[in-house]
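Student: Could we go through the aromatic contacts of this model together, with the criteria stated as we go?

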Amino acid sequence: MAVERTDSETSLTVQVWRRLRGDILAGALAPASKLKVSDLSARYDAGASPIREALSQLAAERLVEKLDNRGFRVAPASTEEFTDIVKARCWLEAAALRDSLANADETWEDALIVAFHRLDRAERSHSTWETHHRRFHGALLAACTSTTTLAYCGELYDRAIRYRRIARTNARSARDVAREHQAIFEAAVAREADRAVTLLLEHYRTTSSTLVL
């Protein structure tokens, strides 16, 4: 007989999943590090059941690996995987951005303008910069008519964040990230799809080339 979960149990699992996921994306839990249920229970003040459920959900997102008879660990990081993530982002977001611009309206444009200006004013070193960065990139694609594509784009964004936080920037890199965002924004608002896509892909590929694991 199946046992129904209470709302409180579901809520606790979601809370653990959110905190554990955030720690992985932030690099607070290092790539390939073991994830012992007992340690995580103490860290997040939760029982073994919601911890295991959160780990299983994160394994489905490929942020955690389930080891045969050996528990879980944070997904390892490699240059090859990051290159693959960037390649997938370029393929998906090129299509998503074209569709978004083809269906863009005044509401989309207003939201993009707000997202860009908030990102442009944010200090790169401040903790809120990442939030504004995510919203800007999300606003670019927001008019895309494929919710499935947008979901995959969001997942790849998160996986890319993890690499940006655990990697270091090549000392020889001399990027003007703000200028890159401005150029993408201007092309998108002008509905110049070819130019907007080219600039967005260059933005991602430059990030890939400047990070060192």
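Tutor: Rings of Phe, Tyr and Trp (its six-membered ring) pair if their centres lie within 6.5 Å, with planes under 30 degrees apart counted as stacked, over 60 as edge-to-face and the rest as tilted. This is a predicted model, in which local features need pLDDT of at least 70, side-chain atom pairs count only at pLDDT 80 or more, and totals for chains, interfaces and linings use all residues. Residues are numbered from 1 along each chain as its sequence is written, and side-chain values use heavy atoms, with hydrogens and water left out.

Student: How many aromatic pairs does a search of the whole structure find, and what is the geometry of Phe-116 and Phe-136?

Tutor: The search of the whole structure finds three aromatic pairs. For Phe-116 and Phe-136, the centres are 6.0 Å apart and the planes stand at 55°, so this pair is tilted.

Student: Which helices hold Phe-116 and Phe-136, and is Phe-136 buried or exposed?

Tutor: Phe-116 lies in helix α5 and Phe-136 in helix α6, 20 residues apart, where helices are DSSP runs of H or I with at least four residues, numbered from the N terminus. With buried meaning under 20% relative accessible area (1.4 Å probe, protein chains only), the 0% of Phe-136 makes this residue buried.

Student: What class does the pair of Phe-116 and Phe-185 fall in?

Tutor: The ring centres of Phe-116 and Phe-185 are 4.2 Å apart and their planes are at 5°, so the pair is stacked. Phe-185 belongs to helix α8, 69 residues from Phe-116.

Key: Helices (H or I, at least four residues) and strands (E, at least two) are DSSP runs, numbered from the N terminus. Buried means under 20% relative accessible area, exposed over 50%, partly exposed in between (1.4 Å probe, protein chains only).
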